[in-house]
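Please consult the sequence and the structure shown below while reading.

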Amino acid sequence: MLIMEEGSNRGDLLGNIARLPALRTNSSFKSTLSGRSTPRGSPSASFRRLNSSRTPRREGRSSGTHQWFRGNRLLFWLLLITLWAYAVFYVQSQWAHGLKKETFLGYGSKTNDGKSDYKENDRRDLTSHKNSSAVISGNDTIDTSQSTLKDIDVVFPQKGNVVPSRQTLKRKSKRSARGSRNKTSDKKKAAVQVEATEIGQEPDIPKRNTSYGLIVGPFGLTEDRILEWSPEMRSGTCDRKGEFARLVWSRKFVLIFHELSMTGAPLSMMELATELLSCGATVSVVVLSKKGGLMSELVRRKIKVVEDKASVSFKTAMKADLVIAGSAVCTSWIEQYMAHFPAGSSHIAWWIMENRREYFDRSKLVLNRVKMVIFLSKSQSIQWLAWCAEENIKLNSQHSWVPLSVNDELAFVAGIACSLNTPSAGPEKMLEKRKLLRNAVREEMGLKDNDMLVMSLSSINAGKGQLLLLESAQMVVEKEISQEANIKTVVSESEGMQEQILKVLIGSVGSKSNKIPYVKTMLNFVSQHSNLSKSVLWTPATTRVASLYSAADAYVINSQGLGETFGRVTIEAMAFGLPVLGTDAGGTKDIVEHNKTGLLHPMGHPGAQVLSDNLHFLLKNPLARQEMGTRGREKVKMMYLKRHMYKRFAEVLFRCMRIK
């Protein structure tokens, strides 16, 4: 009995020793049923052998790290996925914001000299664009396939002026490759010349050419130096207390641009987008044609452009509180949008800025389907309603008219109180700076104090009447030549009296809205009148026009046909105290008061003689120029500042967005 008890106690002791590993902190409950710790003949061992297809693991050989991964596999895989996602995001971020930024965004990159694109665009390309504009150049070369002129220097770049790809060069023989490189080198030289002009370097053209006149400007660098401009100062400023700001705050707007040229409609829409953004609205822009040079300016103002003008633009418009189309040319987009989203017509405001029958015919089928039709002037609205009556079209939608205004940037330079004024840059201070700017720009142009500079800024085409202006200027020059003997006698008898000479400044050279045949006709006319060529100045297309207005003494708006729809350049010139010589038609006759703020003349060739007489009158009467300019400036202060425009726009927005 004693022997048996000892054996039993020994068995219990061995069992307790065998169970000791279960008390270790690093072992699992599973370890007590595996390995040699379980007797071979026990039921547990037999069950494990029958139901396990793997070799039993031994706790003694397992490391702590291996056991941690076995117990935390889910966390391990989540960690790997996180690291992988971070790596992918890092690579994409480097690609998007690194060396590929230029090709990724397509704009907004910087040049080698560190200047941004919007500054480069101030120095416009003096070469023409195919089917759009002509270039006045000092070179003696001309593309005879597109021009019959021999004495006028006009350059028309050919299609395909690109550097061949590396693969293309490899396929060609060495001889052809050498020839291709030579041609490419010549093209690069021409490109370097254009680039030098854009970034403000001296262009490789003479300052004077007796065949067509003188190229001047633009004067963005001079303007920045004297006015001490900065992009921040030129940004939009919102009147937070106004009704317009209250209506647009936190609202979503989609604006439709028909193009990006530096003409009235795109510029007005860009300024509207800027004002909406500054007042707390969300703005997206759909551009139907990228023709023009305003893209860099949209980027500078941080205006979002929807790249797709089809389905993506439709989806963006569906989410907006209001869609504002800025031209009659937007008809096709409006039709497609309504087909895609029939209920979309209920939140479209159509701001029509044209006043020709062809634009009415293009848009008449959808005029009565939009929420509201907006015109620029009362006379334009009367004309369009008359056309609707002729076509038996009844506008189911509401209509209103909102005149344009002088933006704050130009009002600031003109010395008119606006939101950009500061204690150190009040209206009086800006009047002093404007005089400095005038003297500097006129000196660069080579003008004398008594020279009368008459300016006309717009796209160059028959509708704007620049050729008729040149004919009128030629009549003045001939009259002055015929009176030259008398003028010399007067000068000799009156000490200190200087000869007064008429100078005509025409823009905008290089604009994509220019018409090549019309430009060539103008150049031909100037080349045939050597005396006139001495009085003609040309300036490239630019948005920096404050320096030009400051240097001028009078402005000519010579629009033909039905006249100018409104003519924002008219009120801009009046803001700078310039008398306006305009055609007695369209919106011009609504703005210019004859013999008070300017002089009106008929359209067509009969009006050329009257315009010539008006030019000669202002040339000989500086006091009359000053009095008319002063009265025009006062009218702008009363009717055509930004606060006046957005007060009327607030009424339109209220009617468009109110809940019935």
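The sections below treat aromatic pairs, a helix, a surface patch and salt bridges in turn. The model is predicted.

## Aromatic contacts

The count of aromatic pairs comes to 15. One of them joins F314 and Y337, whose ring centres lie 5.9 Å apart with 40° between the planes, a tilted arrangement. This pair links distant parts of the chain, since F314 belongs to helix α13 (residues 311–318) and Y337 to helix α14 (residues 331–340), 23 residues apart. F314 and Y337 are both buried.

The pair of W351 and F649 is edge-to-face, because the ring centres are 5.1 Å apart and the planes stand at 85°. W351 is in strand β7 (residues 348–351) and F649 in helix α28 (residues 642–657), so this contact ties together parts 298 residues apart in sequence. Both residues, W351 and F649, are buried.

## Helix α19

Helix α19 (residues 466–482) has 17 residues, which at 1.5 Å a residue should span 24 Å; the end C-alpha atoms are 24 Å apart, in agreement with this expectation. Of the 17 residues, 12 are buried, so the helix is largely enclosed by the rest of the structure. Among the buried residues are Q466, E471, Q474 and E480, as well as L467, L468, L469 and L470.

## A nonpolar surface patch

W77, L79, L80 and L83 form a nonpolar patch on the surface, and their accessible area together is about 430 Å². W77 is located in helix α4 (residues 73–97). With a relative accessible area of 52%, W77 is exposed.

## Salt bridges

The salt bridges number 23. In one of them, E228 meets K433 with the closest N and O atoms 3.6 Å apart. E228 lies in the loop between α9 (220–227) and α10 (243–248), whereas K433 is in helix α18 (residues 427–445), 205 residues apart. E228 is exposed at 53% relative accessible area, while K433 is buried at 13%.

E564 and K464 form another salt bridge, at 3.2 Å from N to O. The two residues lie in loops, E564 between β13 (554–557) and α24 (568–575) and K464 between β10 (452–457) and α19, so the pair ties together parts 100 residues apart in sequence. E564 is buried, with a relative accessible area of 14%, and K464 is partly exposed, at 22%.

Key
Residues are numbered from 1 along each chain as its sequence is written. This is a predicted model: local features need pLDDT of at least 70, side-chain atom pairs count only at pLDDT 80 or more; totals for chains, interfaces and linings use all residues. Side-chain values use heavy atoms; hydrogens and water are left out. Rings of Phe, Tyr and Trp (its six-membered ring) pair if their centres lie within 6.5 Å; planes under 30 degrees apart count as stacked, over 60 as edge-to-face and the rest as tilted. Helices (H or I, at least four residues) and strands (E, at least two) are DSSP runs, numbered from the N terminus. Buried means under 20% relative accessible area, exposed over 50%, partly exposed in between (1.4 Å probe, protein chains only). The expected span of a helix is 1.5 Å times one less than its number of residues. Patches are made of residues with over 30% relative accessible area and no salt bridge: like charges are joined within 9 Å, nonpolar side chains (Val, Leu, Ile, Met, Phe, Trp, Tyr) within 5 Å. Accessible areas come from the Shrake-Rupley method with a 1.4 Å probe; for residues, only the protein chains shown count as cover. A salt bridge is a side-chain nitrogen of Lys or Arg within 4 Å of a carboxyl oxygen of Asp or Glu.
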